[in-house]
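Please read the following note beside the sequence and the model. Its points are numbered so that each can be checked in turn.

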Amino acid sequence: MEIGIIGLGRMGGNISQRLMRAGHRAVVYDRNEAAVHGLADKGAAPSSGLKDMVAKLTPPRAIWVMLPAGKITEATEADLADLLESGDTIIDGGNTYYKDDIRRAKELSAKGITYVDVGTSGGIWGIERGYCMMIGGEKAAVERLNPIFATLAPGIGTIERTPEREGHDPRSEQGYIHAGPAGAGHFVKMVHNGIEYGMMQAYAEGFDILRTKDSEELPESERFTINVAEVAETWRRGSVVSSWLLDLTSIALTKNGDLSEYQGEVADSGEGRWTIEAAVEQSVPAPVITASLFARFESRRHHSFANKLLSAMRAGFGGHVEPTTPGVIAQPVEQPPAVKVQEHEREA
């Protein structure tokens, strides 16, 4: 299948490569010309801008926008709307706020353009492991794009199959789901990321408690020197708290148990806040997710070991480095080596 991809950063570039490896044709664009040339060397069709990309795609076109949520995505999709034709599709694969999806889908529908929102989880490991996707949009548009989603999805892999799934949507077992109309995909991904905050915080706090068990504030008979790297490795195997996050935690602690390469200043990129807003709107108590967001705020004042571990996990799954300014995500670190991690969670 043919697809245009705008935004060739740490996920957009890898998505392009995974699709091309499976025989799909990718027409690519990024403001960074080096990123375009790099993918062109690997078989992608380069484009010099949005107009050029549209001209190089055969109707009905499908263009995947993989840019940071906010003004740049808004402007890019507005420009595309003026260039595309009835029957074409815009796919938003970033972390866009789901209410913006609902608005955009309505606006584009008036022009005959379909809008599909894809909550994309997999981080910098997705090129090899695949991407867990939560998709919103019209059924016909989603089904037309199924070859793209099926290629990007991780598949069943080594995860044990859930019993008695006969009659259920087979796509979810492959790692992707059509969650509902426009906005539903990003809504599910938003809650996914809110849960991620809580899981990460629980690991961080727990390992901090283990690490400080030798504190001089405790009676000497109650002090233990716990090797947290060995605990993480042990828990990976057979424990009920095993997960991909724990795999990444073990990797980080084995490399450096003090995590001295991290300051412990943990950014939040929006989804946790949006999840809490949804909880308030729906009168659903969410104390764990709320507390984990506030803990990230606190990390910008107090750089504890727990906060360093949060930074290590974010670097592990998403390539995030610590911000130089509070609330700002800096440029990603290089993609990590191919370390074998257990196939538990698709991403934290």
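**Note on the predicted model**

1. Glu 164 is exposed, with a relative accessible area of 70%; exposed means over 50% relative accessible area, buried under 20%, and partly exposed in between, with a 1.4 Å probe and protein chains only. The residue sits in the loop between helix H8 (146-152) and helix H9 (170-174). Helices (H or I, at least four residues) and strands (E, at least two) are DSSP runs, numbered from the N terminus. Although Glu 164 is not a glycine, its phi is positive, about 60°. Most residues other than glycine have a negative phi, and most peptide bonds are trans.

2. Residues are numbered from 1 along each chain as its sequence is written, and side-chain values use heavy atoms, with hydrogens and water left out.

3. Ser 283 is a further residue other than glycine with a positive phi, near 55°. Its place is in the loop between helix H13 (271-281) and helix H14 (287-299). Ser 283 counts as exposed, at 65% relative accessibility.

4. What kind of peptide bond joins Pro 59 and Pro 60? The bond is cis, with omega at about -5°. Pro 60 belongs to the loop between helix H3 (50-56) and E4.

5. The overall dimensions deserve a comment. For 348 residues, a compact globule would have a radius of gyration near 20 Å, and the 21 Å of the protein chain agrees with this. The radius is taken over C-alpha atoms, and the globule rule is 2.2 Å times the number of residues to the power 0.38. Along the principal axes, the C-alpha atoms fill a box of roughly 75 × 45 × 40 Å. Of the 348 residues, 51% are buried.

6. Contacts and surface come next. Among contacts with a separation of 6 or more, 70% are between residues 24 or more positions apart; contact means heavy atoms within 4.5 Å. The accessible surface of the protein chain is about 16500 Å², and 54% of this belongs to carbon and sulfur atoms. Such areas come from the Shrake-Rupley method with a 1.4 Å probe; for residues, only the protein chains shown count as cover.

7. The secondary structure of the protein chain consists of 15 helices and 8 strands. In what order do the 8 strands stand in the open sheet? The order is E3-E2-E1-E4-E5-E6-E7-E8, with mixed pairing. Strand E3 (45-46) and strand E8 (176-180) are at the edges, each with a single partner strand, so one side of each has no neighbour in the sheet. Two strands pair if DSSP finds at least two bridges between them.

8. Strand E4 (residues 62-65) runs parallel to strand E1 (residues 2-6), to which 3 bridges join it. In this pair, Ile 6 stands opposite Val 65. E4 also runs parallel to strand E5 (residues 89-92), with 4 bridges between them, and Ile 63 stands opposite Ile 90 in E5. In a regular strand the side chains alternate between the two faces of the sheet. Both faces of E4 are covered: Ala 62 and Trp 64 are buried on one side, and Ile 63 and Val 65 are buried on the other.

9. Is helix H1 (residues 12-21) mostly covered or mostly uncovered? Helix H1 is mostly covered, since 9 of its 10 residues are buried. Among them are Asn 14, Ile 15, Leu 19 and Met 20. After H1 comes Gly 23, which has a positive phi near 100°.

10. Asn 193, in helix H10 (residues 184-211), is buried, with a relative accessible area of 5%. Leaving aside residues up to four places away in sequence, Asn 193 touches Asn 95 and Glu 271. Lys 139, in helix H7 (residues 139-144), is exposed, with a relative accessible area of 57%. Lys 139 and Pro 181 are 42 residues apart in sequence, and their C-alpha atoms are 7.9 Å apart in space.

Definitions and conventions: This is a predicted model: local features need pLDDT of at least 70, side-chain atom pairs count only at pLDDT 80 or more; totals for chains, interfaces and linings use all residues.
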